[in-house]
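Please read the following report beside the sequence and the structure shown here. It goes from local backbone features to the chain as a whole and then to the pairing of the copies.

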Protein chains: 2
Amino acid sequence: MKQRGQAVADKILDTAERLFYAQGYSNTGINQVIEEADIAKASLYKHFETKEDILLAYVQRTHELWFTRLQATVSKVEDPKEKLLAIFDHHIERQKVRGFGGCPFIKANDEAGTSDPRVLAEIQQAKLHSKKFIRALVVKSGHKKVLSDQELTEMIFVALEGAIALASVFKQPGEIQAAKKIIQKLI
Amino acid sequence: MKQRGQAVADKILDTAERLFYAQGYSNTGINQVIEEADIAKASLYKHFETKEDILLAYVQRTHELWFTRLQATVSKVEDPKEKLLAIFDHHIERQKVRGFGGCPFIKANDEAGTSDPRVLAEIQQAKLHSKKFIRALVVKSGHKKVLSDQELTEMIFVALEGAIALASVFKQPGEIQAAKKIIQKLI
DNA sequence: ACGTAAATAGACAGAGTTGTCTATTTAATG
DNA sequence: CATTAAATAGACAACTCTGTCTATTTACGT
């Protein structure tokens, strides 16, 4: 084996993640990936059969990392209602770090959701995971039942999704902050 | 002049609209556009300087058509609260017609929002237009003030956006229907 | 009916795409 | 230390991409 630093597969995915998110999957060539990852083309095709396999691996890893990070943030908050609001704060910070590129799953869905069923399936899992996570927090939140558990879950789920998309349109977190304040009023 | 049927520029935009939305801008080649529009390549480049100019014209026309259609639908509803709910019904129908491809502006933003400032500006205008339209209906709705006018506007705006994005992920209108029912409870 | 403006088909340049393959070098393991 | 598995550089095939250009044909307005 070579490559004493970072493992090759990781370097590929790190670079692909950065480029796919910033430029889009279709606008990112294999040649740019290998150059910026500083690896050989033959190495890339030894780890991944096709470019689409890299996209799938990227979406899968993004799903894992997204959940790990979100859970870590929320677990640091004790108040059960504040946990719900922490979801919004977390995504405000994430979008700032990401340069307001929007949701990586929605982006991947728009670019390859129709062409690769594996990618679509992973994206659907990620969104169901998000909803499930919100639901568990809603149930334990002790909110004031202006809406039912089911309804509040749904509202937070769609509002968060829309607010992130709009943050990407306006390149600022205003819509996420506004959504947070309204949810705050409803719990 | 030639082309006794539809004008050439219209055929280009009709075809581009269909292909850009279904496959994505980057995944659609000029050659596919001219073939399916049944026009010559030289004709296309006499009407548009670059491919990106076609994207811009597509986004602009989509903005116009979107608003015209939405306004027509809502104006047929008389009850001021029902007008707000008609927005959701309208988008449920539109997504069914569109094959659950999500919002064309968000898609265009994801693919070219960073590279072409003209496209980004038009998308921002479309979203501001949407919010303004919702706000006017909210103000006249006589809703029960669980939320302020400002807050209800914001909530409908982000929930609609998120619900459409999720309809595209799950390829069904469930999230838009769910969002509608919750807004119904809040007005 | 004629001149003109516009549309046509299609070749072409130049660059970029994914993916394959060869030949070489490197590093870890028995 | 030798073997072996993995990474390397880079050429290459086969396409596809955008955009240009030429030569030809069509149809409308005067």
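Lys171(B) sits in the loop that joins helix 8 to helix 9 (174–186) of chain B, where helices are DSSP runs of H or I with at least four residues and strands are runs of E with at least two, numbered from the N terminus. The model is a predicted one, in which local features need pLDDT of at least 70 and side-chain atom pairs count only at pLDDT 80 or more, while totals for chains, interfaces and linings use all residues. Residues are numbered from 1 along each chain as its sequence is written, and chains are lettered from A and ligands numbered from 1 in the order in which they are written.

Although Lys171(B) is not a glycine, its phi is positive, at about 55 degrees. Asp38(B), placed in the loop between helix 2 (30–37) and helix 3 (41–47) of chain B, likewise is a residue other than glycine with a positive phi, near 60 degrees. Exposure is judged by counting other C-beta atoms, placed from the backbone, within 10 Å of a residue's own: 20 or more make it buried, 12 or fewer exposed, and a count in between partly exposed. Asp38(B) is therefore exposed, because it has 12 C-beta neighbours inside 10 Å, and Lys171(B), with 15 other C-beta atoms within 10 Å, is partly exposed.

| Residue | Phi |
|---|---|
| Asp38(B) | near 60 degrees |
| Lys171(B) | about 55 degrees |

Chain A contains nine helices and zero strands, and its C-alpha atoms fill a box of roughly 60 × 30 × 30 Å along the principal axes. Of the 187 residues in chain A, 39% are buried.

An automatic or database domain assignment supplies the domain bounds, and chain A is divided into domain 1 (1–49) and domain 2 (51–186). The C-alpha centres of domain 1 and domain 2 of chain A lie 27 Å apart, and 13 residues of domain 1 of chain A are in contact with 14 residues of domain 2 of chain A. On the side of domain 1 of chain A that touches domain 2 of chain A, helix 1 (residues 8–23) of chain A gives the most, with seven residues.

How are two packed helices described? The description uses the angle between their axes and the distance between the axes. Helix 8 (residues 149–170) of chain A packs against helix 8 (residues 149–170) of chain B at an angle of about 90 degrees, with their axes 6 Å apart. Helix 8 of chain A is therefore roughly perpendicular to helix 8 of chain B, a term that covers angles of 65 to 115 degrees. Among the residues that make this contact are Met155(A), Val158(A) and Leu166(A) of helix 8 of chain A and Met155(B), Val158(B) and Leu166(B) of helix 8 of chain B.

Chain B is superposed on chain A by a rotation of 180 degrees with 0.0 Å of shift along its axis (RMSD 0.0 Å), so the two copies are related as by a two-fold rotation axis. Of the residues of chain B, Gly162(B) comes closest to the rotation axis, at 1.8 Å (C-alpha).

Key: Contact = placed C-beta atoms within 7 Å. Axes fitted to C-alpha atoms, helices over the stretch in contact; angles between N-to-C directions. Parallel < 35°, antiparallel > 145°, perpendicular 65-115°, else oblique. Least-squares fit on C-alpha atoms with pLDDT ≥ 70 in both.
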